[in-house]
Amino acid sequence: MSEFSFRVDRMRLRETSFDLGFADTVKAPLKAGEAMLRVDAFALTANNITYGVAGDQIGYWQFFPQTLPWGQIPVWGFGTVIASDVEGVDVGQRFYGYFPMASHVLVEPGKVSAHGFFCQASHRRDLPQAYNQYSLATAELGFPPEEDRMRMLLNPLFTTAFLLAAQLKDAHYFSAESILLTSASSKTAMSLAYLLNRYHDINVIGLTSEANVDFVQSLGIYQCVLAYDALDQIVVGPAALIDIAGNADVRARLHDRFAEQLYHSSLVGITHYEADPGGRAPLPGARPTPFFAPSQAEKMIKNGGQDRFRAELAAQWSDFIGRAKDWFELQVVNDPVGLESVYQQVAGNPPPKNGYLFERHSG
Ligand SMILES: NC(=O)c1ccc[n+]([C@@H]2O[C@H](COP(=O)([O-])OP(=O)(O)OC[C@H]3O[C@@H](n4cnc5c(N)ncnc54)[C@H](OP(=O)(O)O)[C@@H]3O)[C@@H](O)[C@H]2O)c1
């Protein structure tokens with residue numbers, strides 16, 4: 001099928017379907033102010049599964065609305081304009097941004113500039129602006145095509161790590177001597193460990209599943225790597241926890257072990273989304289505080305300006321991918337059947353070395 005739209009059951013994320021009426025949506029004439037983009041490629045990681053898990057809480061289902069019980073999980077990727085009723089958004093232009101897992105997406109571009117546009121559709125207006133931004137993807141604007149795959153796979157997660165590292169630095173690492181990262185094998189944690197190791201003088205301890213210990217150790221970016229079952233071997237001292245697993249049991253054990261020596265506890269992810277969510281409260285040590293990358297980015301841009309933010313992020317990103325590109329084995333699928341299979345794999349905790357991508361067949 002050349003037009004497809006992949007959906008998941010919002011309550012049971014492993015149940016999926018294709019919207020059979022989607023071809024009609026794609027073929028309908030454009031209304032004033034609309035543009036149709038062909039979705040060329042995107043990546044899938046646990047981050048996208050979290051969009052489904054937190055879909056109601058944070059509003060991720062609202063980006064590409066579907067009728068219940070279905071929802072469309074957003075992904076990061078590239079798309080090309082195939083029809084446009086908007087001045088400055090031209091057929092053939094390629095954009096990087098937030099897409100549905102579908103062959104096409106309809107957007108309502110506004111705030112059009114030399115860097116791209118923001119989708120201003122009414123159902124997206126109240127959602128974080130970072131997710132409504134479509135960046136014109138030319139080499140001159142910092143999108144060399146040879147980086148496309150790594151950008152889709154890693155850039156949103158690296159950006160989160162960049163923001164976390166900046167927050168830690170601004171807070172003088174909360175006076176901690178070590179940073180503890182759960183789901184140390186995730187791309188978000190790997191990015192943060194890389195940045196802390198490269199630009200900061202602080203000890204980084206990675207916690208991961210037994211099966212992933214060797215892989216995480218082989219990266220050489222953590223001073224110490226331990227399996228969750230071995231966390232009572234960590235030497236206790238002032239520490240800050242960046243919790244990417246979101247596993248209530250692991251978090252409680254870390255708080256118990258470090259107690260008053262845990263000076264900061266940040267809730268970043270929920271990769272262990274099938275674990276028992278019930279957590280006890282209050283926990284000893286610092287109170288767990290949610291971290292949300294778009295809000296932190298807005299704060300940083302407000303304080304230091306957009307240009308400085310872009311330049312610092314771009315410099316650290318190009319340094320990072322020089323190293324990180326060797327960490328992954330890419331698994332690329334090109335059709336809806338392959339997409340469904342990759343989605344199920346990503347939802348089912350695949351080996352961290354695998355990087356999953358969808359790329360549309362050219363032609
Ligand atoms: N707060 C924010 O603003 C923000 C921004 C970006 C990302 N995040 C969050 O950070 C998390 C990491 O995202 P990512 O894309 O970097 O992940 P990823 O690279 O796909 O992470 C893979 C790792 O996560 C764990 N995992 C994945 N699925 C699992 C499952 N079903 N059961 C148990 N463990 C599982 C495993 O790590 P271990 O074995 O090491 O536990 C696995 O190796 C996500 O929850 C994401 O939403 C949050």
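Tutor: Leu181 touches Ala189, Leu192, Ala193, Val204, Gly206, Leu207, Ile242 and Ile244, leaving out residues up to four places away in sequence. Two residues are in contact if their C-beta atoms, placed from the backbone, lie within 7 Å. This is a predicted model: local features need pLDDT of at least 70, side-chain atom pairs count only at pLDDT 80 or more, and totals for chains, interfaces and linings use all residues. Residues are numbered from 1 along each chain as its sequence is written.

Student: Which residues of the largest nonpolar core touch the most other members?

Tutor: In soluble globular proteins, nonpolar side chains tend to be buried together. A nonpolar core is a set of buried Ala, Val, Leu, Ile, Met, Phe, Trp, Tyr and Cys residues joined through C-beta atoms within 7 Å. Buried means that 20 or more other C-beta atoms lie within 10 Å of the residue's own, with C-beta atoms placed from the backbone. Here the largest core has 103 residues, and Leu181, Leu192, Ala193 and Ile242 touch the most other members. Its largest share, 13 residues, comes from α4. Both domain 1 (6-143 + 328-359) and domain 2 (155-294) give residues to this core, so it lies between them.

Student: How many residues does each domain give to the contact?

Tutor: Domain bounds come from an automatic or database domain assignment. The contact takes 13 residues from domain 1 and 12 residues from domain 2. On the side of domain 1 that touches domain 2, α2 gives the largest share, 5 residues.

Student: Which residues are closest to the ligand?

Tutor: A residue is near a molecule if its C-beta atom, placed from the backbone, lies within 6 Å of it. The ligand is surrounded by 28 residues, the closest being Thr45, Ala46, Thr50, Ser186 and Gly269. α2 (46-53), α4 (148-170) and α5 (187-199) each give two or more residues to this shell. The largest share, 3 residues, comes from α2.

Student: In what order do the strands of the open sheet stand?

Tutor: Strands of a sheet pair through backbone hydrogen bonds, either parallel or antiparallel. Helices (H or I, at least four residues) and strands (E, at least two) are DSSP runs, numbered from the N terminus, and two strands pair if DSSP finds at least two bridges between them. In this model 3 strands form an open sheet in the order β2-β1-β4, with antiparallel pairing. β2 (16-18) and β4 (70-71) stand at the edges with a single partner strand each, so one side of each is left without a neighbour in the sheet. Val8 has Gly71 in β4 as its bridge partner.

Terms used: A residue is buried if 20 or more other C-beta atoms lie within 10 Å of its own, exposed if 12 or fewer, and partly exposed in between; C-beta atoms are placed from the backbone.
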